[in-house]
Amino acid sequence: MAKLRTSMDTSFYDVNISTPQTLHGTARSIPGDPAPVDGAYAGKLLRMQQLSLLGRGFPLGLIPSYAPPLSSQNGSGSLNLQSFWLKQPTENWWLGLVGQIRPLKLLSSLKAEALQTDSKVPRFKRVVKKFFDKSFYSIGLNSQLDLSEATSVLLNVEKDGQNKNRRTKAVLLHKLPEHDVTLEAAWPELFVDRNGKYWELPHSISLDCLSLISESGLRYRFGVHRNGGSATAVDSADSQPPASLTPGICAKAAFSYEKSKDLWRIPETKEDLAIVKTKRGNFRNVAYDICMKEPHAALSGIFGGTCEAWLSKNSARSLVGADLFGSLCFAIQHGKFRKPYGDLTRFDARLDVPSASSLVKGFSDSLKSSAVSPQLNLILQQQVAGPLVFRVNSRVSLGSSSGGRGPHIEDVIYSLNYSLRYLRSGKVVAWYSPKRNEGMVEMRVFEF
């Protein structure tokens, strides 16, 4: 079912968006923006865990991705190849090194250098020198240390040969019986807005406490965040940064109530799990993904509220603010995702109202602003053959844009998903975002 809790989580600073622009594979959604399209969310597995698993299935362990350089988001994309080397110095410590090369740019540069005839430096020496040009490579160090069964520390340090700055991120995660506590710092932190534009914040520190979902459906979270320095657009110098990325300290709190109900469902039976005989042997006919093993139709909803207080004055934002939000989702699935063909068609539709205050104002100017207008998120999944599924995620704004249009498509992401039966609910995902002109291959577990 389409993610329901994004309406609350997008008010905070820890919504990770998948991107090939960083070696750890994520950027942050800007707080206050509409919930990103569902296919944009980063997976639960760390990028180093993904690369370690994916490397076994790709030639030479090289995992591809596609993205334009951050310094020129409007430019053409570039193919990247990543490789990963993982070590385990101790039982509770993992250490990994990520290497990335831009092969097409390197070959193009080598060709141009080989054809150059007006240089006094020997051609062979110039070509060899190009191989050591740092702009074609990136490198990153990933570390995860388990201090106890409940506490772990993550550290990512990476250097892109095209940029002068080093990117560092540290995370301390502590699990309580009913809560998750996270302390995170990044310098700099990379954010991506609703238009696919990237922003870089020099320093970012946050402390967050999130409750686990209770049987009653209640959930809450609170935290403190500090923005250090002014955010800058990575592809231009004259853009005004979003208000939530201006310098200062912000305290936030939110609560939500979530409920779901099946309209109808066909439960899995013993006949569904019968032994199937094939030329390769006998196996139990389990679904390719246990999260999609039963045809059904369901309704679900969530509503709640958020409040925030800034501890420093800024003309771009209010010192205090509060609002209500809500989402309503309908999901329907045909097929049990077991047969080789025609056994899965699934559709999810989620209506998000990120700001109740905008609806109260009716058809005023604030409703015409797509920043606070209701959003319709649509997901269509269709089995192609066996475990291969084609998926389309789209987000439709029901308000007018700055160009005066009415309801319009704001974002779309296409993906191919290859489910891995032996993981019960794991898959390899290859996605492409036309708006960001980016694509990458990921491993996701228990996410559908």
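I take helices (H or I, at least four residues) and strands (E, at least two) as DSSP runs, numbered from the N terminus. Two strands pair if DSSP finds at least two bridges between them.

The model is predicted: local features need pLDDT of at least 70, side-chain atom pairs count only at pLDDT 80 or more, and totals for chains, interfaces and linings use all residues. Residues are numbered from 1 along each chain as its sequence is written, and side-chain values use heavy atoms, with hydrogens and water left out.

**Entry: β11 and β14**

I checked the pairing of β11 (residues 198-201) with β14 and found it antiparallel, over two bridges. W199 has A233 of β14 as its bridge partner.

**Entry: β20, β21 and β22**

I then followed β21 (residues 375-385). Strand β20 (residues 345-353) pairs with β21 in the antiparallel sense over eight bridges, and T345 is bridged to Q382 in β21. Strand β22 (residues 388-397) also runs antiparallel to β21, joined by ten bridges. Here L376 has V396 of β22 as its bridge partner. The hairpin of β21 and β22 has two residues between the strands, and G386 takes a positive phi near 55 degrees in it.

**Entry: α3 and α4**

I looked up how helix α3 (residues 103-115) meets helix α4 (residues 123-131): their axes come within 9 Å and cross at roughly 165 degrees. Axes are lines fitted to C-alpha atoms, for helices over the stretch in contact, with angles from 0 to 180 degrees between N-to-C directions. The angle makes α3 roughly antiparallel to α4 (over 145 degrees counts as such). The crossing is right-handed, that is, the near helix is turned clockwise from the far one by less than a right angle.

For the contact (heavy atoms within 4.5 Å) I noted L106, S109, L110, E113 and A114 on α3, and R123, R126, V127, K130 and F131 on α4. These residues divide into five nonpolar, one polar and four charged. Asp, Glu, Lys and Arg count as charged; Ala, Val, Leu, Ile, Met, Phe, Trp, Tyr, Cys and Pro as nonpolar; the others, Gly among them, as polar.

**Entry: L311**

Is L311 buried or exposed? At 63% relative accessibility, L311 counts as exposed (over 50% relative accessible area, 1.4 Å probe, protein chains only). L311 lies in the loop between β18 (296-310) and β19 (320-334). Its C-alpha atom is 6.8 Å from that of G248, 63 residues apart along the chain.

How values were computed. Parallel < 35°, antiparallel > 145°, perpendicular 65-115°, else oblique. Buried < 20%, exposed > 50% of the residue type's maximum accessible area, 1.4 Å probe, protein only.
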